[in-house]
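Welcome, and please take a moment to look over the sequence and the structure shown here. We will walk through the fold together, one region after another.

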Amino acid sequence: MKISKIKVKIKETRYPIIIGNGAINYLKQQIKSVCPKTKKVALILDKNIPNKQKKRIKSQLKSYSIYTKEYLPTENLKSFSKINSLAESLLEKNFNRNDTVVAAGGGIIGDFAGFAASILKRGINFINVPSTLLSQVDSSVGGKTGINSRRGKNLIGSFYQPKSVIAELSFLKSLPRRELVCGFAEILKYSLIRDKKFFKWIKKNSRIILEGKNNVVLRDAIVRSCKNKIYFVAADEKEAGKRMLLNFGHTFAHAIEAASNFSKKINHGEAVLIGMLLATKLSVRKKICSNLTLKEIEKIYKTNNLPSILTKYFKKKDFNKIVNYMSNDKKNNDSKINLILLKKIGKTTNPGEIKMSLHQMKSVIKKIS
Ligand SMILES: NC(=O)c1ccc[n+]([C@@H]2O[C@H](COP(=O)([O-])OP(=O)(O)OC[C@H]3O[C@@H](n4cnc5c(N)ncnc54)[C@H](O)[C@@H]3O)[C@@H](O)[C@H]2O)c1
């Protein structure tokens, strides 16, 4: 199959995203061309990548002195103590700025290894090999790296662009459906906030994407998603304006995850799907968006049996807890809840345009869920 290459241009930084079945065969060549002085490679691996695929990654690194660390990714990995022990072992092995950290895994591994690379000797080469649909369409694009704090997720981190991103489609074949749903939520988000044509394409292909088997459809979904994300990141790398539109549905989602104590009952992508629907219903109530648009979106949820109803996960009496978490969102800059709402497919409100008080949100959430 044809391998797609996207060129990312963010201010003075440029790097490729290589997407396709067989993209992993470009790893060796990429290190040679974008990190030519590399002698040592630190391979930070996700334990859940199948062995056969791990071998394919390692066989690309044969000409380097390779140091491998494997982790079972949980949010606890994204901590200072784990970063410290990785950094100490890389320093002990004399890693320097010419050497390269390669992350192969989902968003947890990418965020963790990217952050380590960004602070080791004030920044050593970083190549990301995302292995989940979410990491291929979202977390590997845009240069956010980070770890968690006791006070919340992703509160400590850096903006650090990789030297290259390699999205191998065959890695997706071993993903459980729930992980495909997580990636799908972000794919759908890009279409809703910016890309009406992409939305029409998703309407036709949603079932195929969620089956995770058809490489051509998966490649196209990933390419179109990455291009949309790059548009926002290039316009606003440090998230001072436009990039905030990527937060569509996420103010609800983060609060839903926090109110369920980040339990496995509901994962991030499921919360995003519910959050985007709540944001659209709120848009209809505020007469910003038509009911027809809402119905069109809901149809995709119904066809694919996607999570859509808050009451499936929470009792109505717990809704206030969700709203309280919404008011703590790190993207609020005053006591009000900042929201991105939908005007029509492909068009949202602007950042800062819609703000609601805790009281207003507590009353409305019961009506839209
Ligand atoms: N940096 C950013 O811009 C950004 C954006 C969105 C999300 N994130 C972060 O990304 C993380 C979520 O990423 P995720 O959804 O990829 O989750 P994840 O990293 O937890 O991976 C999901 C699961 O899939 C497994 N896995 C990975 N590759 C696999 C494969 N090929 N086959 C089978 N199993 C595989 C993992 O081991 C894990 O159990 C969160 O920590 C979130 O904060 C970061």
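Two strands pair if DSSP finds at least two bridges between them. Helices (H or I, at least four residues) and strands (E, at least two) are DSSP runs, numbered from the N terminus. With those terms in hand, here is a pair to look at: S2 and strand S9 (residues 164-168) pair in the parallel sense, over four bridges. Within this pair, Ile 17 stands opposite Val 165 in S9. Before going further, please note that this is a predicted model, in which local features need pLDDT of at least 70, side-chain atom pairs count only at pLDDT 80 or more, and totals for chains, interfaces and linings use all residues. Residues are numbered from 1 along each chain as its sequence is written.

Let us step back to the whole chain. The protein chain has 13 helices and 13 strands. Its radius of gyration (taken over C-alpha atoms) is 20 Å, close to the 21 Å that the globule rule gives for 369 residues, so the chain is as compact as a globular protein of that length. The globule rule is 2.2 Å times the number of residues to the power 0.38. Along the principal axes, the C-alpha trace of the protein chain spans about 60 × 45 × 35 Å. A residue is called buried if 20 or more other C-beta atoms lie within 10 Å of its own, exposed if 12 or fewer do, and partly exposed in between, with C-beta atoms placed from the backbone. Buried residues make up 45% of the 369 residues in the protein chain. Two residues are in contact if their C-beta atoms, placed from the backbone, lie within 7 Å. Among contacts in the protein chain between residues at least 6 apart in sequence, 74% join residues at least 24 apart.

Now to the sheet that holds our opening pair. Strands of a sheet pair through backbone hydrogen bonds, either parallel or antiparallel. Here seven strands form an open sheet in the order S1-S2-S9-S6-S5-S3-S4, and the pairing is mixed. S1 and strand S4 (65-71) are the edge strands, each pairing on one side only. From one strand to the next, the twist averages 15°. Angles run from 0 to 180 degrees between N-to-C directions, and axes are lines fitted to C-alpha atoms, for helices over the stretch in contact. Helix H1 (residues 27-34) packs on the sheet, touching strand S5 (100-105), strand S6 (125-130) and S9, and its direction makes about 175° with that of S9. Helix H8 (residues 215-235) also packs on the sheet, touching S1, S2 and S9; the direction of H8 makes about 5° with that of S1.

Ser 4 stands opposite Ile 19 in S2. S1 and S2 form a hairpin with two residues between them, and Lys 11 in the turn has a positive phi of about 50°.

Elsewhere in the sheet, Asn 128 lies in strand S6. Is Asn 128 buried or exposed? Asn 128 is buried, because 33 other C-beta atoms lie within 10 Å. Not counting residues up to four places away in sequence, Asn 128 touches Ala 103, Gly 110, Gly 114, Ser 140, Pro 162 and Val 165.

Finally, turn to helix H9 (250-259). Nine of the 10 residues of H9 are buried, so this helix is largely enclosed by the rest of the structure. The buried residues of H9 pack against H10, helix H12 (319-327) and strand S10 (337-339). Just after H9, Asn 261 takes a positive phi of about 55°. Phe 262 lies in the loop between H9 and helix H10 (268-285), and has a positive phi of about 50° although it is not a glycine. Phe 262 counts as partly exposed because it has 15 C-beta neighbours inside 10 Å.
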